[in-house]
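Please keep the sequence and the structure open while reading.

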Amino acid sequence: MTYSTIAGTGGYLPERVMENKEFEKIVDTTDEWIRERSGIKRRHIAADGETTSDMAVAAARKAMEAAGVDTGDIDLIIVSTTTPDKVFPSTACIVQRQLEIRNIPAFDVHAACSGFIYSLDIADRFIRTGGAGCALLIGSETYSRILDWTDRSTCVLFGDGAGAVVLRAAEAPGVISTHIHADGQYEDLLQVPAGISSGYDQVRKARAYIHMKGHEVFRKAVAVLGEIARETLAANQIDEGDIDWLIPHQANLRIIAATAKRLGLPMERVVVTVDEHANTSSASIPLALDVAVRDGRVKRGELLLFEAFGAGFTWGSALVRY
Ligand code: ACO
C-alpha cells in the first residue's frame, strides 16, 4: 500500500509589512477595532510587480530544501490560488518554468480559501494510485490586488503570501484522510463579481474586488468548521484528545477560537498566524504549518488537523500524521 506524507514545508511573505495603524489614514477604522473583531495586527503586502508565481516559487524552493529533494524529483505541481498571474497559462505552469522543471503535469486549483485542502486531497489521490511519487503543492495569493482599499469591512482583513509542501510517497500515512465539500448557493455572500465569460468590461469598471457579507460568512464558517472537524474525527474513530495541533485556515481569530472551543481543544494546541499574516486565503494553512514546523512546535510523528472554509462556499479538512 502506498500513502503520501509531508516531506518538507516552506513559506514566503513579502517584505513590506502593513500595520493596522496605517488603515486609520485610509478608511474609517482603528487598530483596536481590527484587533478586537479579527485578531489581526499586521499583514504583508506584495511589492509592485511581485506576483503570485514569484511568491509561489520562493515558498516552493524552501519546501524542496526542507524535504531534501531537488527539482528533478518533482513529478506533479499543483498551485492553489484565486489570484493567478494570468487567465492562462496557469500559475502552476509559470512556476514550473521558473523552477526549470519540464514535462510533468502542472495545474491550478481554484477553491478560494479551501484551495490548499483541495490540492492536498488531489495530490494524495495521485500518490496513492501511483500517478505521482513526489508532488509540490503551493498555496499562493496576492489578495492586495483584489481589495477595495476604500471598503473598511474587507480591506483590513487580507494579506499576501505563499506556503508550500512537498508530498512524497511513503509506506505509512502521512495523509490519513481528507474531506472536501462545496455548496454553490452562497455565491452572494462572498465573491469577486468580475470575470471573463460574464463580461470583461466589469473588470475595467473596477468591480474586481472582494464583496463580502462578513457577518453571514462568519456564522456559516463557524458552523461548517465545527461539523467538518467532527466528521474527520468520526471517520478516523479518534477524539479531540488525539489531535496534537489544529492548523486552521486563518481568516479571523474569533472563528478559530470558536472552532477550537466546539472541538474542545485549548488554544495552546492551535496554530495561529492570522495576527501576523491576516487572511492569505489558500496560502494560510501551508504558511501556518511552515511557521509551526520551523519554530519547533510541530514535530515529526504528531497528529495534525487542517481545516478551511472559503468562497463558494467550499470547505474541507485533512488529518495528517506529520
Ligand atoms: N472598522 C470599523 N468598523 C467597521 C469596520 C472596520 N474596519 N468594518 C466594518 N465595520 C463596522 C460595520 O460597518 C458595522 O457597523 P454598523 O453596526 O454601524 O453597521 C460594525 O462594524 C459591525 O459589523 P459586522 O460585520 O457585524 O462585524 P463583525 O463582528 O461580524 O466583524 C468581520 C466583521 C471581521 C468581517 C467578521 O464578520 C468576519 O471575519 N467574517 C468572516 C470573514 C471570513 O471568514 N471570510 C471567509 C474567508 S475569505 C475567502 O474565502 C476569500
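A salt bridge is a side-chain nitrogen of Lys or Arg within 4 Å of a carboxyl oxygen of Asp or Glu. Glu19 and Arg42 form such a bridge, with their closest N and O atoms 3.0 Å apart. The model is a predicted one. The points below start with the salt bridges and go on to rings, contacts and the backbone.

**Salt bridges**

- Side chains of opposite charge can pair when their charged atoms come close.
- A search of the whole structure finds ten salt bridges.
- In the bridge between Glu19 and Arg42, the closest N and O atoms are 3.0 Å apart. This pair links distant parts of the chain, since Glu19 is in strand β2 (residues 16–19) and Arg42 is in strand β3 (residues 42–45), 23 residues apart.
- Glu19 has a relative accessibility of 30%, so the residue counts as partly exposed.
- Arg16 is bridged to Glu22, and 2.8 Å separates their closest N and O atoms. Arg16 is partly exposed at a relative accessible area of 41%, and Glu22 is partly exposed at 23%.
- Asp121 and Arg125 form a salt bridge with the closest N and O atoms 2.8 Å apart. Both residues lie in helix α4, four residues apart, which is about one turn of the helix.
- Asp121 is at 3% relative accessibility and therefore counts as buried, while Arg125 is at 46% and counts as partly exposed.

**Aromatic rings**

- The count of aromatic pairs comes to six.
- One of them is the edge-to-face pair of Phe116 and Phe306, at 6.4 Å centre to centre and 65° between the planes. Phe116 lies in helix α4 (residues 115–128) and Phe306 in strand β12 (residues 303–310), so the pair ties together parts that are 190 residues apart in sequence. Phe116 and Phe306 are both buried.
- Tyr186 and Phe313 have ring centres 4.9 Å apart and planes at 15°, so this pair is stacked. Tyr186 is in the loop between β8 (175–182) and β9 (190–191), and Phe313 is in the loop between β12 and β13 (314–321), so the pair ties together parts 127 residues apart in sequence.
- Phe313 counts as buried because its relative accessibility is 0%.
- Ring pairs link Tyr186, Phe309 and Phe313 into a cluster.
- The charged end of Arg300 sits over the ring of Tyr322, at 3.8 Å from the ring centre.

**Buried residues and their contacts**

- Ile138 is part of strand β6 (residues 134–142). With a relative accessibility of 0%, Ile138 counts as buried.
- Apart from neighbours within four places in sequence, Ile138 is in contact with Ala56, Ala60, Ile78, Val79, Ser80, Val95, Gly163 and Ala164.
- From C-alpha to C-alpha, Ile138 and Glu307 are 16 Å apart in space, and they are 169 residues apart in sequence.
- Asn279 is in the loop between α9 (274–277) and α10 (284–294). Its relative accessibility is 5%, so Asn279 counts as buried.
- Leaving aside neighbours within four places in sequence, the contacts of Asn279 include Cys113, Leu157, Phe158 and His249.

**Nonpolar surface patch**

- Val87, Phe88, Ile196 and Tyr200 make a nonpolar surface patch of about 480 Å².
- Of these, Ile196 lies in the loop between β9 and α6 (201–204).

**Backbone geometry**

- Most residues other than glycine have a negative phi, and most peptide bonds are trans.
- Phe88 and Pro89 are joined by a cis peptide bond, with omega about 0°. Pro89 is in the loop between β4 (76–80) and α3 (91–98).
- The peptide bond from Gly312 to Phe313 is also cis, with omega near -10°.
- Gln237 has a positive phi near 50°. Gln237 is in the loop between α7 (214–235) and β11 (245–248), and is exposed at a relative accessible area of 75%.
- Ala278 has a positive phi near 60°. Ala278 is in the loop between α9 and α10, and is buried at a relative accessible area of 0%.

Methods: Residues are numbered from 1 along each chain as its sequence is written. This is a predicted model: local features need pLDDT of at least 70, side-chain atom pairs count only at pLDDT 80 or more; totals for chains, interfaces and linings use all residues. Side-chain values use heavy atoms; hydrogens and water are left out. Helices (H or I, at least four residues) and strands (E, at least two) are DSSP runs, numbered from the N terminus. Buried means under 20% relative accessible area, exposed over 50%, partly exposed in between (1.4 Å probe, protein chains only). Contact means heavy atoms within 4.5 Å. Rings of Phe, Tyr and Trp (its six-membered ring) pair if their centres lie within 6.5 Å; planes under 30 degrees apart count as stacked, over 60 as edge-to-face and the rest as tilted. A charge sits over a ring if NZ of Lys or CZ of Arg is within 6 Å of the ring centre and within 35 degrees of the ring normal. Patches are made of residues with over 30% relative accessible area and no salt bridge: like charges are joined within 9 Å, nonpolar side chains (Val, Leu, Ile, Met, Phe, Trp, Tyr) within 5 Å. Accessible areas come from the Shrake-Rupley method with a 1.4 Å probe; for residues, only the protein chains shown count as cover.
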